[in-house]
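Please find below some notes for a colleague who is opening this structure for the first time. They are set out as numbered points, to be read beside the sequence and the model.

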Amino acid sequence: MEEQVATETKRIKYDDGVVRGFIWFSVVWGLIGMLVGLLAALQMSFWQVNFETSWLTFGRIRPLHTNAVIFALVGNMLFAGVYYSSQRLLKTRMASDALSKLHLWGWQLIILGAAITLPMGITQSKEYAELEWFLDIAVALVWVAFAVNYFWTLKIRNEKNLYVAIWFYIATILTIPMLYIVNNLALPVSGTKSYGVFAGAQDALTQWWYGHNAVAFFLTTPILGIMYYFLPKAAGRPVYSYRLSLIHFWALIFIYIWAGPHHLLYTALPDWAQSLGMLFSLMLWAPSWGGMLNGLLTLRGAWHKVRTDPVLKFFVAGVTFYGMATFEGPLLSIKSVSALGHYTDWIIGHVHSGALGWNGFMAAGMFYYLVPRLYGTKLYSRSMADMHFWIGTFGILLYVVAMWVAGITEGLMQRAETADGLSLQYPSWVEIVSAVLPMYMARSLAGALFIFGWILMIVNLWKTMRGQQKVNGEADVTVLRPETGGPSFASLTLGAPVILTVLGLICGFFMVAGDPILGTVGLVGMFAVCVATAFKVHWASQGGRFEWHRILEGRPLAFTFLIMLALVAGGIVELLPGIIIDKEVPRAANGEIAVMPYTALELEGRDIYVREGCYLCHSQMIRPFRSEKLRYGDPSRIEESMWDHPFQWGSKRTGPDLARVGGTKDNLWHYEHMLDPRSVSPTSNMPSYPWLLSSQVDLEDTPGKLHAMQALGVPYTDAQIASAVVDYEAQAKIYVDDLAEKGRAGVDARSEIVALIAYLQRLGKNLVPAPTNIGAIK
């Protein structure tokens, strides 16, 4: 094996131009993303702010808001932090300036593409993964350029051991493409439309494996790496505990990857997957708070600096918000708590405490630290930065409290029953919406305050850099060259810590296998592993160092392999059973398909439902609660959504669940409701959709859509595909004639509103007669 040994000394000039680029893009895109979010928040209180314009409605701009904040603000911020800190920690310039520039400009083009396509309704409707297939390919290619540049830089580094921040960066670089590619596997239908390869429960499990871990490995692990570099630098203190950072890192990346199913508690997902997600979510408390405490305790002996240094103010508050969010996340994964909080604004408050408090404040602190150094000057105004801090803090707290109150109110009102338990206390959904409108207004105010603080920061940073010369960091470093010798790759990757971990996992699976003999073997084995681990840790601590890990830190290849092993293990166990299972078509007693796929008209209507973002306010998943059965009907079953590419279970109920809405209202009601919701529900905050009346479905694409679905396993026959247009028009005529009989004559059979009504009327009607072999797909 190769060791790194010192040779000559030379002067290194870092590439800080790419850092400046990512910072300014983060600042500007962040402002745009938050302004879009403020518009979406106002639309919840004032429906008029949708402006009856398709590309400005809540369903179109809400995905734009989340993508802008996650991938534009935080994405550019983390890339700036990674490029700045990695060059200094590895004591070398990035391996390729060309790849750095490709990453910088390629990422901005992707964001621009999202800003154009999402308001146009070009979306896959997957949370944090809405971008269509052509942009997904661009994301993958740009990320590959980033990864190649980064690992190439690791190869030519002039620092033997990898600092803890680098561990977190490596985990992020490895995990994101794995998550993104698997979740976004799709079959293109046209240049702007595709259908995901997974459907129903498979899609739900895959989506939240991705969605939860996108939060983990895009919004958390790289920011923790930034914390481990910039917080000690700003405080002038070393990291509190190397051992704690070691435990924090490995426990976090291993446990996080398993926790996705806690987003699907009490759904039609199998119980084993729900319980697995809840268990690992609760385990996340320990490593998450270990990281928070390691960050805060780094300030021992330097707390007096927090009073006067705005950088440290933002870092300390950011780490504290991280602790609050990572306490609340596992709390919400407990089934009884999730039963109350899921589908409510409590979840929105939880998300924003992390997004604004953790990501937003860590970004601001890093910008205040970096910009003066990148332009060789001092911060223009500390008092302005302090004002930003206090306004931003108040805005975050007001936002979170407002959403807590709104969410708990919604949860209690939705499940409230009359004294006899035979009916609901609040049967009208608008009663619930009206009750939380003041909290929605408070949220808008809170968002406006945070944005005002962000604008103060932009002004402060602009005045700091105006008229100054750009400065690229330089350092004299000792160049390292490889030398053979030292422990082999196998001895590191098959060392005692790895073997003990694998044995512990095997014992853990035995313990939960359900067999008494295996359970006993697993319990005894787990005890033995714990004893061996205790002796190993004690032995290592006597020397004051974890020698095996110290050696591993000098071997990026072995280190990366073990990270990948930890990540893939959870993904395989969580996803593989659902992906490889034989999805048998359920049959009725007479042999006919019991779960019928959508007709051509209904499929086009479903695509319109997805395009308009209806899934953002309406779920299609009735949980097994008495209150939900009283309100919506029988609980949803796993087979009902087996042909849904993508699934539409939803994650928020601003409006009622639609899983069994078919037949509960007549066609005219749906027509009037889409044209003007206030005509049938006077206090509704839903936007109007007048363009659905004038816009027409392009029937040239319809056969191709059915053909794509057939390729994905939906049981369409070749005859159904061939007659798709004829069948569409015949079924559409039924709806048009019915509307004409009820006073709405002249509706075009190809208008989008007809297709959408057909889809809504189909929901809840695809299990007649009941299938005889449901067990085959569970």
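1. Is R93 buried, partly exposed or exposed? With a relative accessible area of 27%, R93 is partly exposed, where buried means under 20% relative accessible area, exposed over 50%, and partly exposed in between (1.4 Å probe, protein chains only). D97, at 28% relative accessibility, likewise counts as partly exposed, and the side chains of R93 and D97 meet in a salt bridge, 2.8 Å from N to O.

2. A word on the basis of these notes: this is a predicted model, in which local features need pLDDT of at least 70 and side-chain atom pairs count only at pLDDT 80 or more, while totals for chains, interfaces and linings use all residues. Residues are numbered from 1 along each chain as its sequence is written, and side-chain values use heavy atoms, with hydrogens and water left out.

3. A salt bridge is here a side-chain nitrogen of Lys or Arg within 4 Å of a carboxyl oxygen of Asp or Glu, and by this rule the count comes to 31. One of them joins R11 to E474, with the closest N and O atoms 2.9 Å apart. This pair links distant parts of the chain, since R11 belongs to strand β1 (residues 2-13) and E474 to strand β4 (residues 474-484), 463 residues apart; strands (E, at least two residues) and helices (H or I, at least four) are DSSP runs, numbered from the N terminus. R11 is partly exposed at 49% relative accessibility, and E474 is partly exposed at 41%.

4. In another salt bridge, R653 pairs with E628, the closest N and O atoms being 2.8 Å apart. R653 lies in the loop between α22 (626-632) and α23 (667-675), whereas E628 is in helix α22, 25 residues apart. Both R653 and E628 are buried. Elsewhere, R60, R611, E612 and E752 are linked in a network of salt bridges.
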